[in-house]
Amino acid sequence: MYYEDFSELLRDKLQEIVDDKLDDGKVVIRNVVKNNSVRRRAISIVRKEEKATPTIYIKGYYDAYKDGRDIDDISEEVFDVYLAGLNRFKQEIDIDEFSDFEKIKDRIYFKLVNYKMNEALLEEIPYEEYLDLAEVYYILVSENDDSSATALIYNFHMEHWGVELETIKKCAYENSIKELEPTIEPIEDVVMDMIIDNYMDAEGNLVTEDTVYDGMDMDSVQEMVREEVEKLKPDNAVSMYVLSNKKKYFGAACIRYPGVLRDFANQQNENVYVIPSSVHEVILVPHSEGNRLDLENVLQDVNRNEMDQMEVLSDHVYLFDRENEEII
């Protein structure tokens, strides 16, 4: 079954559930434009009494259907996801607050996106151009341990609030720097953490049954994984450091934090290449250990063949000039 046909089938099945279990509600399918103009097909249940409704993306369910999952089972899960999302909205979000800037200003943050890939969107939202990027602003609607819900700030929001871009930017910087502190880690430590995460349960406890780490404590596991990661490094590997924020979410924005790149470059005692590896982080390489053209070729290859297109930030490698304290 084609994706389009599946979407319509899911809509019809979900509408049957809505008609049976809710007083009212219309199931709608729409294309949601995400970062970098990527479109994602989503399904929602619209009801008169609700000011907001969860947006549920269809692609994962289509893949499950192709793998043999029953459409009725999928429809029931989508309905359960809707109910859970709606309950979360009611517990964590007061939609009326969004009309009052004083109530929302402490939840405004900023992120970086690719300028050219988002030109149409930038006509509708406040932004500041930076290199080949755009600094844009969003509201943190809600968050939990697994995910965050955010909403871009549009021009009509600013008009309604009666505030200028500088006010939005001031709030965004204060909140981002305070709540999303920058982190810089050797890339080997990041890889090690990713490997260990595969052996952690929901409570953050190490689960090692039937693995090579069975019976080992966390310190021993970390040391063993670190040794294995080090063995995989080529002899001529360059030093790489990952700059993000503590939540690893839209962390590339940390290159705009005052002093972050300057302090790192001074620690290295040289200029630093800045590789915009995704919207969530950048990779820092000491100038003496890298070649800009080679790094850029690798970045572009990864962007084309491996990276989720919604997370691509740029095809260009930057250089932080520590003498002039600027990225070029």
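A residue counts as buried when its relative accessible area is under 20%, as exposed when that area is over 50%, and as partly exposed in between. The model shown here is predicted.

A pair of aromatic rings is described by how far apart the centres lie and by the angle between the planes. This structure holds 13 aromatic pairs. One of them joins phenylalanine 6 and tyrosine 65, with 5.1 Å from centre to centre and 40 degrees between the planes, which makes the pair tilted. Phenylalanine 6 belongs to helix 1 (residues 3–21) and tyrosine 65 to helix 2 (residues 59–66), so this contact ties together parts that are 59 residues apart in sequence. Phenylalanine 6 has 0% relative accessibility and therefore counts as buried. Tyrosine 65, at a relative accessible area of 23%, is partly exposed.

A further pair is made by tyrosine 241 and phenylalanine 264. Tyrosine 241 is in strand 9 (residues 241–245) and phenylalanine 264 is in helix 10 (residues 260–268); the pair links distant parts of the chain, 23 residues apart. Phenylalanine 264 has a relative accessible area of 4%, which is under 20%, so the residue is buried.

Ring pairs also build a cluster, whose members are Tyr3, Phe6, Tyr62 and Tyr65. Phenylalanine 6 and tyrosine 65, the tilted pair described above, thus belong to this cluster.

A ring can also meet a charge. The charged end of arginine 256 sits over the ring of tyrosine 130, at 4.0 Å from the ring centre.

Definitions and conventions. Residues numbered from 1 in each chain as written. Predicted model: local features only at pLDDT ≥ 70, side-chain atom pairs only at ≥ 80, totals over all residues. Heavy atoms only, no water. Phe/Tyr/Trp six-rings, centres within 6.5 Å; stacked < 30°, edge-to-face > 60°. Helix = DSSP H or I, 4+ residues; strand = E, 2+ residues; numbered from the N terminus. Buried < 20%, exposed > 50% of the residue type's maximum accessible area, 1.4 Å probe, protein only. Lys NZ or Arg CZ within 6 Å of the ring centre and 35° of its normal.
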